[in-house]
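Here are my notes on this one, point by point. Have the coordinates open as you read.

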Amino acid sequence: SKEYDYLIVGSGLFGAVFAYEATKRGKKCLVIDRRDHIGGNVYCENVEGINVHNYGAHIFHTNNKEIWDYVNQFAEFNRYTNAPIANYKGEIYNLPFNMNTFNKLWGAITPGEAKQKIEEQRKTSGIIDPTNLEEQAISLVGTDIYEKLIKGYTEKQWGRNATELPAFIIKRLPIRFNYDNNYFNDKYQGIPEGGYNIIVEKLLLGSDVRLSTDFLTNRNEFEQLTKKVVFTGMIDEYYNYKFGRLEYRSLVFENKLLDIENYQGNAVVNYTDRETPYTRIIEHKHFEFGTQEKTVVTREYSVEWKPGDEPYYPINDKKNNELYIRYKQLAEKETNVIFGGRLAEYKYYDMHNVIYEALKIVKKEFGEFED
Ligand code: FAD
């Protein structure tokens, strides 16, 4: 006698959406998480009335109306539009690169002048066949934008010189010859009013939830309780790293509560020089147009990942992708385990992607095919 239809390992968006949909279909779910809170990486901590994005700034954006309507069932979204600022040694620029950026860089007034400037610099560089990231970037946007806005930031992100990074990392660089500061091109965008936790709480309403509970250390016990497992943790960990470890880039966040109302006037400020050790500063209240008396800022550092660190970004190079395929082949043979989400699929997913993937797996699991 199995107590649960599904044991869901991980209360992030993937696990929570699966739990909600399975419960809706009359199934009994137990959701466990090794952390002491729900929500996975979208979890926010409330500090002085400010929702602090503990695992990195999260801005919801999508082009998919179905996904937008889906999340709007659980929260109302505000009108936040991501418009990051770059700080290069005290010079302030708009991102993505647009007419505001070009005017500040060169005094360009018309799109024609800006285009001409970029074209000149691309020509002067003489690069025809880029062999590394530096050459690739210069061949796309010229030297000024590269030196001030790309080089230092990218080198900090990867912990390596741009000349040592492969060209393919940057395939294209968005350039706009207008004054649109909106970072995303998607039709829908915003931050849930009251924060992301509200959404996840609602998704988990019909499920039993146990926190600070690790699946892998009590595996047998948990497997007794359930007909099927939905696993959203790291796939290599599930298999006890038998083929070796998948690698990640990690991040370190340094939070400060400041006794001032407004620190930087924007949610996201990137530091694009190489010398400033952090890549960006997040001021969380601006995601929600906060009017609190205090403010919380987070300095974000990009660091090398080592076993035990929080895995943030998968390194989808040849070596790691091949290793992942070996684990995936094992996973495909499992009859009672469903693997999903960013860690089990070793893939960077935005929130809208991960919700989409969870809904797709739900349809498959419950035999609801679309044509
Ligand atoms: P997670 O949220 O990681 O959830 C997995 C959960 O499983 C975790 O809570 C973990 O504790 C638990 N778990 C793992 N192993 C075990 C185990 N053995 N036992 C018990 N529990 C376990 N997306 C956007 O759309 N917009 C953004 O602006 C954005 N910014 C981001 C910024 C950063 C720095 C990062 C890293 C990601 C960002 N994302 C953004 C992506 C977003 O975070 C993911 O799409 C989403 O969190 C993935 O959900 P998930 O359920 O797959 O994984």
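1. A word on pairing before anything else: two strands count as paired if DSSP finds at least two bridges between them. Keep in mind, too, that this is a predicted model. With that in hand, look at β1 (residues 4-9) and β2 (residues 29-32): four bridges join them, and the two strands run parallel.

2. As a reminder, strands of a sheet pair through backbone hydrogen bonds, either parallel or antiparallel.

3. Next, the ligand. Which residues come nearest to it? Out of 34 residues around the ligand, those are G10, G12, G40, G56 and G233. Two elements give two or more residues each to this shell, namely α1 (13-24) and α11 (351-365). Sorted by class, the shell around the ligand comes out at 16 nonpolar, 12 polar and six charged residues.

4. α11 turns up again in a helix packing worth a look. Its axis and that of α2 (residues 65-72) come within 10 Å and cross at roughly 90°, which makes α2 roughly perpendicular to α11. On the α2 side the contact has I67, Y70 and V71, and these meet H352, I355 and Y356 of α11. By class, the residues of this contact split into five nonpolar, one polar and no charged.

5. Last, an arginine I'd like you to inspect. R280 lies in strand β13 (residues 280-283). Is R280 buried or exposed? The cut-off for buried is 20 or more other C-beta atoms within 10 Å, and R280 has 24, so R280 is buried. Leaving aside residues up to four places away in sequence, R280 touches V268, V269, N270, Y271 and E300. Have a look at R299 as well: R280 and R299 are 19 residues apart along the chain, yet their C-alpha atoms are separated by 6.0 Å.

Conventions:
Residues numbered from 1 in each chain as written. Predicted model: local features only at pLDDT ≥ 70, side-chain atom pairs only at ≥ 80, totals over all residues. Near = placed C-beta within 6 Å. Nonpolar A, V, L, I, M, F, W, Y, C, P; charged D, E, K, R; others polar. Buried ≥ 20, exposed ≤ 12 C-beta atoms within 10 Å, placed from the backbone. Contact = placed C-beta atoms within 7 Å. Axes fitted to C-alpha atoms, helices over the stretch in contact; angles between N-to-C directions. Parallel < 35°, antiparallel > 145°, perpendicular 65-115°, else oblique.
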